[in-house]
Amino acid sequence: MIPDRRRLYAFRAAAAACALLLSPCGDPAEPPHTAQPLPQAQQDASPSSPFTVTSKDGTAIHGQIDLPAGSAPPFPIVVMVHGTGLFDRDVAFGQSGSERDKVFADLSRRFTDTGIAVARYDRRGVRHIPLDGAKFNWPVAATCSVETQRDDLASVYAYARQETGGEAACTILLGHSEGMAHIARLAETDAIPPAVIVGIGAPLQSPADVFVWQATQRDAFSLRMMDRDGDGRVTDAEVKVNWRTTPSAVFNVEAPFLHPAGVWTPTDLETLIQTQTKLFEAGKLAVLAMDDHAPYPDDKTPMAEYIW
C-alpha cells in the first residue's frame, strides 16, 4: 500500500540529519529548550534504562532509552528504527572490528553527548545480550510482517514520547533503510507527528521497485562504478581496489565480482542483468505461491512471514 502523501507531509520529513543537531525542536516562536544541569550524583548515574512495551498483537518488544548525562528532563528524543535484518537495538553491521560497528549504539552515544535522548529497540524475536546465548526466539521472529513492524514501532514511539521525564521536548524518528518504510506506515495511522524525520539509506521509491533493483540491477551498477578508467571494461584489478565503495559491498564478499576471464565487458554486464532478471522472476513466482503466513525463509530459522 502506498502511504497517503498528506500524512507523510504531516510528518514533516527532514532533508538531512544536520537539521536535528542544528535546529531547535518544537514551535519556532518558542525559545529552544535548554537542558538544565543535574547534581553531580545524578550525573554519575547510569544513563540508560531498559524498557518493555507491548505491541498491538501482544508481543513484548524490548529496548532501552539512553539519556544525556548531566542534564535534566524533558529532553528531545530520537527513536531509532532499524532496517531489514535480525537486528537488536545496537544494529551491528559495520566491518571495522570495533565498537563503532554497532551503528545505533554509536549514534546514540553521539546524540546523548549533545543533550538528546535516544530510544532503540530489538526487532521482534531478537534478544539483546542473551545470558543463555540464544540470540533468536524463532517462533516470535516468525510473526514479523510489515504490519507488526509498524505496530512495534508505534508502541515504542508512544512510550518514548512520555518516558524522558514527562512529555519529550520534541520527538525525532530516525529510520535506516526499510525502517523508513515502517515510519511511512506509521504516518498512515493517527500517531502524533514527530518534529523531524531523518533517513539513513532511505528508499526514495516503492519497496517493490527497490527490491527489483537490488535483485536485478545492483551488481551491474556496482561493477560499472568500479570502472575507474572509464573504458567500459572492468578488470579484476579494478574490482579489488574499488568493490568496497559500491552498493554491492553490503554483503562483504568480493569473489562474485571477479570474472573468470579477468575482465567484465559491456556484453557481460548486460548478460548479468538478463540472468539476474530471469532468476528474480522465477523466485517471485515461487514466493507468490507460498501461503502468506508461512515462515520465511524456512521453518527452522524464520525471520518473518512470507507476506513480508
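1. Ile129 lies in the loop between β4 and α5 (138–141); helices (H or I, at least four residues) and strands (E, at least two) are DSSP runs, numbered from the N terminus. The phi of Ile129 is near 50°, a positive value in a residue other than glycine. With a relative accessible area of 62%, Ile129 is exposed; exposed stands for over 50% relative accessible area, buried for under 20%, and partly exposed for values in between (1.4 Å probe, protein chains only).

2. The model is predicted: local features need pLDDT of at least 70 and side-chain atom pairs count only at pLDDT 80 or more, while totals for chains, interfaces and linings use all residues. Residues are numbered from 1 along each chain as its sequence is written, and side-chain values use heavy atoms, with hydrogens and water left out.

3. Val91 also has a positive phi, near 50°, in a residue other than glycine. Its location is the loop between β3 and α4 (103–113). Val91 counts as buried because its relative accessibility is 0%.

4. Overall, the protein has 11 helices and 10 strands. Of its 308 residues, 40% count as buried. Among contacts (heavy atoms within 4.5 Å) with a separation of 6 or more, 67% come from residues 24 or more positions apart.

5. The largest nonpolar core has 21 residues; such a core is a set of buried Ala, Val, Leu, Ile, Met, Phe, Trp, Tyr and Cys residues joined through side-chain atoms within 4.5 Å. The residues with the most contacts inside this core are Val79, Tyr121, Leu153, Val156, Leu173 and Ile183. At least two core residues are supplied by each of β1 (48–54), β2 (60–66), β3 (76–81), β4 (117–121), α6 (146–162) and α7 (179–187). The helix α6 gives the most, with four residues. A second, separate core of 14 residues includes Val78, Val91, Phe104 and Val198. In soluble globular proteins, nonpolar side chains tend to be buried together.

6. Two residues illustrate the packing. Leaving aside neighbours within four places in sequence, Val79 is in contact with Ala119, Leu153, Val156, Tyr157, Ala160, Thr171, Ile172, Leu173 and Leu174. Ala119 is found in strand β4 and counts as buried because its relative accessibility is 0%. With the same exclusion of neighbours within four places in sequence, the contacts of Ala119 are Gln64, Ile65, Ile77, Val78, Val79, Met80 and Ala160. The C-alpha atoms of Ala119 and Val81 are 9.1 Å apart in space, and these residues are 38 apart in sequence.

7. The strands β1 and β2 run antiparallel and are joined by seven bridges; two strands pair if DSSP finds at least two bridges between them. The bridge partner of Thr54 in β2 is Ala60. Together β1 and β2 form a hairpin with five residues between them, and Gly58 in the turn has a positive phi of about 95°.

8. The structure holds one cavity of 30 Å³ or more. On a 1 Å grid over the protein atoms alone, a cavity is a set of points where a 1.4 Å probe fits but cannot get out, and lining residues have an atom within 4 Å of a point. About 50 Å³ of space lies in the largest cavity, where grid points are joined across faces, edges and corners and a volume is the space filled by probe spheres set on the points. Its lining consists of Val81, His82, Tyr121, Arg123, Arg124, Gln149, Asp152 and His182. By class, two of these are nonpolar, three polar and three charged; Ala, Val, Leu, Ile, Met, Phe, Trp, Tyr, Cys and Pro count as nonpolar, Asp, Glu, Lys and Arg as charged, and the others, Gly among them, as polar.

9. In helix α9 (residues 218–226), Arg218, Ala220, Ser222, Leu223 and Met226 are buried. The elements that cover these buried residues include α8 (207–216), β7 (234–235), α10 (236–242), β8 (263–264) and α11 (266–288).

10. Ala249 is found in the loop between α10 and β8 and is buried, with a relative accessible area of 17%. Leaving aside neighbours within four places in sequence, Ala249 is in contact with Trp243 and Arg244. Its C-alpha atom is separated by 9.4 Å from that of Asp219, 30 residues away along the chain.

11. The peptide bond from Tyr296 to Pro297 is cis, with omega near 0°. Pro297 lies in the loop between β9 (295–296) and β10 (304–305).

Note on methods: On a 1 Å grid over the protein atoms alone, a cavity is a set of points where a 1.4 Å probe fits but cannot get out, and a pocket is an open set with protein on both sides within 12 Å along at least five of seven lines; lining residues have an atom within 4 Å of a point.
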